[in-house]
Amino acid sequence: MKRDIRRVRNIGLMAHIDAGKTTVTERILFFTGKSHRIGEVHDGKAIMDWMVQEQERGITITSAATTTYWKGHRINIIDTPGHVDFTAEVERSLRVLDGTVALFCAVGGVQPQSETVWRQAEKYRVPRIAFVNKMDRAGADFEAVVDEIRRELGGNAVPVVIPIGAESSFRGIIDLVEMKAIYYDDTPKGIVMREESIPQDLLEKAQEAERNLIERISEQDDRLMEKFIEGIQPERREVVSALRQATIDGHIIPVLCGSALRNKGIRKLLDAIVDYLPSPLELPPVIATHDETGKEILRHPSDEAPLAALAFKVQTDKHTGKLTYVRVYSGTLRAGEVVYNSTRQKPQRIGRIFEMHANRRHAVDELFAGDVGAVVGLSDTRTGDTLCRQDEPIVLESIEFPAPVIDVAIRPETTADSDRLGRALGKLAEEDPTFVVKTDPESGEVIVSGMGELHLEIITDRLRREFGVTVAVGKPQVAYRETIIGAVDHAYRHVKQTGGHGQYAHVCLHVEPNPPTTGFQFENKVTGGRIPREFIPAIERGIIDAMAEGPYAGYPMVDIKVVLTDGSAHEVDSSEHAFRVCAANAFREACKKAGLELLEPIMCVEVILPEEYVGSVTSSLCSKRGKILNVEAKGKTAILTAHVPLGEMFGYASELRNITSGRGEFTMHFEHYEAVPYSIAEAIVEARKKSSAA
């Protein structure tokens, strides 16, 4: 039987750490019949947290995919991590999702990682609904969270339910579309649900909330606006249809609430996923580029259209080897067929195809347009690669990942470990685009880079458990960057005479700073053929070579614009190699003339602590060159937000425990790069020189 793509939902769950994403997913699997028991995060039995490290720590580390069904709809779900060190998992998931559920803690509200994932969803224009979880917790405040979504995230948050009670008296919700009260019996564990009329003491509040809902939707729908003005009550199907379209267009964020741990509100959330989040057909066709002509091509979500699929995740599996997760945008992916990896220009044979359920899998013969699944056999395919037909080669937009901000040196403890280490690191780097492996050319040490201390801690733990490699880990090092201060013009001539042909290259460069985060930009303004066109790419490569190790302290260079203004070539002695060497030397000298500065990663730090410790924690962060941005009181708890250099934050967990008698906790995520004060920069450069000499 042919499936109906209109009944497919590709959704993700995203939130700050500890908002309850995995708990919500476990309840979804239970209520849809995918699992027959409820897995709990706190006892290490959650189905979606299948890694040993996830079960031990009670956090999600890798995004897990599953497929389930609700009221005749196929729902492909990706449960993403909340910890900022694993932001790549969120980034790649949002790239391939059609909709997402943003979870918020009813007590914590909008938190730093909530803002990060919200921005990621905005970047990919992913429609969202919001779920305020943990309504049974002390301090739960539904209306305050809705207000924070509007104020801090800029989302047009519109409740489609309101809670009946809060904290220990949270008993159920009022559905504002149906105008019914839904109660959840506490025994057994809120699983029994019953619908009743809205209680008299909440009727006025519910009617006001319903009017607000209709008014907000009417602003996006002319027909509903006419009825609203005339005082005519719209039908349920009209409200759902208009709300659905407004959600897909990004004009409205429907907000629901519940307590996943107590099984309250999950079935209504499932209804909202089906009712308000889009099918692949309701989103614009994916934009691709023709592999040869560069012309823009649209691929519509049809099984009959030419194949367009994106590999968004690679995972090492001890049973099947390498699993590649793919999202099919158009066409059909069949087991046994040969497809074309247009990113790497290589044919790839599809081995087996699986429908995933966390780390369990169900073999299928094919994946259709709109499906998410995993494939065995794509040996040369990496994250972000496009799969298509060889006779219709296209390239989909790849996935951008943030650069790592922390380095550590690692070395194998035995010779046997040394042999296995390279292979293991290669597999882990293939899985995780924010994990980078390089060798220090001077010391020969293996340097691994990641998004934070926890990220690298998990990597070394996986080396030991999954690959049987024991390593010694050095102290964490900050991933500094270098850039220039001013603009200069500089000419350089590379002349080398040896036996036979010599080397000749001459370039004139204009070098200037680029705005922060814009990266490297190269522009060719040479006219009249003074430098043959075939040498221009070599000049750009030479500059990129030089940027990999800056002249100030040997750190990578960022945010620089280089304009090639003039130069000359020799008809016999000029070559690509000569121009590459010439450009690298010219760029280094130009940077020294322009003036150099060291950049350091600045972290956004959020500390949650009892209010009596605010003064001590503020003083501690200021001593670390921190800038206090905000202190917000929530009951007897304070939330302190600051920008602090990463280099000052190593070991802060222990310090915070000591200051707050173990009652404070903090999270941090990368915010931006900023110039290091000169005196500190000189000390860092001097220490690096001594380390290299040693």
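**Close-up views of a predicted model**

**View 1. Arg 119 has its place in helix 4, which spans residues 112-123.** The model is a predicted one, in which local features need pLDDT of at least 70 and side-chain atom pairs count only at pLDDT 80 or more, whereas totals for chains, interfaces and linings use all residues. Residues are numbered from 1 along each chain as its sequence is written, and side-chain values use heavy atoms, with hydrogens and water left out. Helices (H or I, at least four residues) and strands (E, at least two) are DSSP runs numbered from the N terminus. With a relative accessible area of 46%, Arg 119 is partly exposed, a class that lies between buried (under 20% relative accessible area) and exposed (over 50%), as computed with a 1.4 Å probe on protein chains only. Leu 153 is 34 residues from Arg 119 along the chain, and the C-alpha atoms of the two are separated by 8.5 Å.

**View 2. Strand 4 (residues 99-105) is mostly covered, with seven of its seven residues buried.** Gly 99, Val 101, Leu 103 and Cys 105 point one way from the strand, while Thr 100, Ala 102 and Phe 104 point the other way, and all are buried. Strand 4 pairs in the parallel sense with strand 1 (residues 8-14) over four bridges, where pairing requires that DSSP finds at least two bridges between two strands. In this pairing, Gly 99 of strand 4 is the bridge partner of Ile 11. Strand 4 also pairs with strand 5 (residues 128-133), in the parallel sense and over six bridges, and here Ala 130 in strand 5 is the bridge partner of Ala 102.

**View 3. Helix 8 (residues 236-248) packs on helix 9 (residues 266-276) at an angle of about 75°, with the axes 9 Å apart.** That angle makes helix 8 roughly perpendicular to helix 9, a term that covers angles from 65 to 115 degrees. The axes are lines fitted to C-alpha atoms, for helices over the stretch in contact, and angles run from 0 to 180 degrees between N-to-C directions. From helix 8, Arg 236, Val 240, Leu 243, Arg 244, Thr 247 and Ile 248 meet Val 274, Asp 275 and Tyr 276 of helix 9, contact being defined as heavy atoms within 4.5 Å.

**View 4. Three strands form an open sheet in the order 13-12-24, with antiparallel pairing.** Strand 13 (296-299) and strand 24 (394-396) stand at the edges with a single partner strand each, so one side of each is left without a neighbour in the sheet. From one strand to the next, the twist averages 45°. Strand 12 (residues 286-290) pairs with strand 13 in the antiparallel sense over four bridges, and Glu 296 in strand 13 is the bridge partner of Thr 289.

**View 5. Asn 524 lies in strand 33, which covers residues 521-524.** Asn 524 counts as partly exposed, at 32% relative accessibility. When residues up to four places away in sequence are not counted, Asn 524 touches Ile 536 and Leu 564. Leu 564 is 40 residues apart from Asn 524 in sequence, yet the two are 4.9 Å apart in space, C-alpha to C-alpha. The side chain of Asn 524 also reaches the backbone nitrogen of Val 526 at 3.0 Å.

Notes:
Angles under 35 degrees count as roughly parallel, over 145 as roughly antiparallel, 65 to 115 as roughly perpendicular and the rest as oblique. A polar contact is a pair of N or O atoms within 3.5 Å; within protein, one must be able to donate a hydrogen and the other to accept it, and residues adjacent in sequence count only if both atoms are side-chain atoms.
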